[in-house]
Amino acid sequence: LGESYTMKQSVVSIVAEQIAPTLQLTGAALLIAWTLAIALTLATAGRAGRWGRIGSAVEVVCAALPHFWLGVVLLVVFAVMLRWLPVVDDGPAGLILPALTLGLPLGGFLAQVTRDEFDVALRQPFVLSALSRGARSGDVRWRQVLRHAALPGIALSGWGLGSLISGAVVVEVIFSRQGIGQVLVAAVTAQDL
């Protein structure tokens, strides 16, 4: 990849130094996304009426949130106004807001896919068979149906990981975090080819 003109060091070594914070951020965001997706799916899938509509609305709103806007809103609310979290910190507390910024939109998208598949899996014969053998509805939903419903979401997690890494560029700049995003923005600003 050559040598950086402004930093006077190998591009490979620059990327190697900055890849760990970006991967840490994307890993935390993926964990948040799946937690949100599973929680929304279990709470609202297969339920008609108000809960189904609320779940669908939350999923759509989360999936539609742009990273640059969500990051600024979370920063202003939780770091500036409420002072619950630090504005800039390299520790675990400083990872919460950036990971939420990346994870919430992906979580909404994964929840949409997982909930649709969950509804399909609820109509399968194995669910009726398990219920007729005396299994509790919650156990069937958690242990058997969710396993089937999560497969398309797991397949999309590969795409989601790429999306998180590209979104990390914006989030690292907003939250002044180290990572590939900061290096990329600095290189573009300095016209470092």
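The model is a predicted one, in which local features need pLDDT of at least 70 and side-chain atom pairs count only at pLDDT 80 or more, whereas totals for chains, interfaces and linings use all residues. Residues are numbered from 1 along each chain as its sequence is written, and side-chain values use heavy atoms, with hydrogens and water left out.

The structure contains two aromatic pairs. One of them joins Phe78 and Trp84 in a tilted arrangement, with 5.8 Å from centre to centre and 40 degrees between the planes. Rings of Phe, Tyr and Trp (for Trp, the six-membered ring) pair if their centres lie within 6.5 Å; planes under 30 degrees apart count as stacked, over 60 as edge-to-face, and the rest as tilted. Trp84 has a relative accessibility of 61% and therefore counts as exposed.

## Overall architecture

The protein chain has seven helices and zero strands, and its pattern along the sequence reads α-α-α-α-α-α-α. Helices (H or I, at least four residues) and strands (E, at least two) are DSSP runs, numbered from the N terminus. The C-alpha trace of the protein chain spans about 70 × 40 × 25 Å along its principal axes.

Of the 193 residues in the protein chain, 36% are buried. Among contacts in the protein chain with a separation of 6 or more, 74% come from residues 24 or more positions apart; contact means heavy atoms within 4.5 Å.

## Helix 3 against helix 6

Helix 3 (residues 67-81) and helix 6 (residues 137-174) have axes that come within 9 Å and cross at roughly 30 degrees. Axes are lines fitted to C-alpha atoms, for helices over the stretch in contact, and the angles run from 0 to 180 degrees between N-to-C directions. Helix 3 and helix 6 are therefore roughly parallel to each other: angles under 35 degrees count as roughly parallel, over 145 as roughly antiparallel, 65 to 115 as roughly perpendicular, and the rest as oblique.

The crossing of helix 3 and helix 6 is right-handed. A crossing is left-handed if the near helix is turned anticlockwise from the far one by less than a right angle, and right-handed if clockwise. From helix 3, His67, Phe68, Gly71, Val72 and Leu75 meet Gly167, Val170, Val171 and Ile174 of helix 6. By class, the contact of helix 3 with helix 6 comprises six nonpolar, three polar and no charged residues. Ala, Val, Leu, Ile, Met, Phe, Trp, Tyr, Cys and Pro count as nonpolar, Asp, Glu, Lys and Arg as charged, and the others, Gly among them, as polar.

## Helix 2 against helix 4

The axes of helix 2 (residues 50-64) and helix 4 (residues 93-122) come within 6 Å, with a crossing angle of roughly 140 degrees. Helix 2 and helix 4 are therefore oblique to each other, and their crossing is left-handed.

On the side of helix 2, the contact is made by Gly52, Gly55, Ser56, Glu59, Val60, Cys62 and Ala63, and on the side of helix 4 by Leu104, Pro105, Gly108, Phe109, Ala111, Gln112 and Arg115. The residues of the contact of helix 2 with helix 4 divide into seven nonpolar, five polar and two charged.

Two residues other than glycine have positive phi values. Arg83, in the loop between helix 3 and helix 4, has phi near 55 degrees; Arg83 counts as exposed at 69% relative accessibility. Ser176 has a phi of about 50 degrees and is found in the loop between helix 6 and helix 7 (180-189). With 43% relative accessibility, Ser176 counts as partly exposed.

Gly46 lies in the loop between helix 1 (11-44) and helix 2 and is exposed, with a relative accessible area of 52%. Residues up to four places away in sequence not counted, Gly46 touches Asp119 and Leu122. Gly46 and Ser166 are 120 residues apart in sequence and 34 Å apart in space, C-alpha to C-alpha. Lys8 is in the segment before helix 1 and counts as exposed at 60% relative accessibility. Between Lys8 and Pro125 there are 117 residues of sequence separation and a C-alpha to C-alpha distance of 64 Å.

Notes: Buried < 20%, exposed > 50% of the residue type's maximum accessible area, 1.4 Å probe, protein only.
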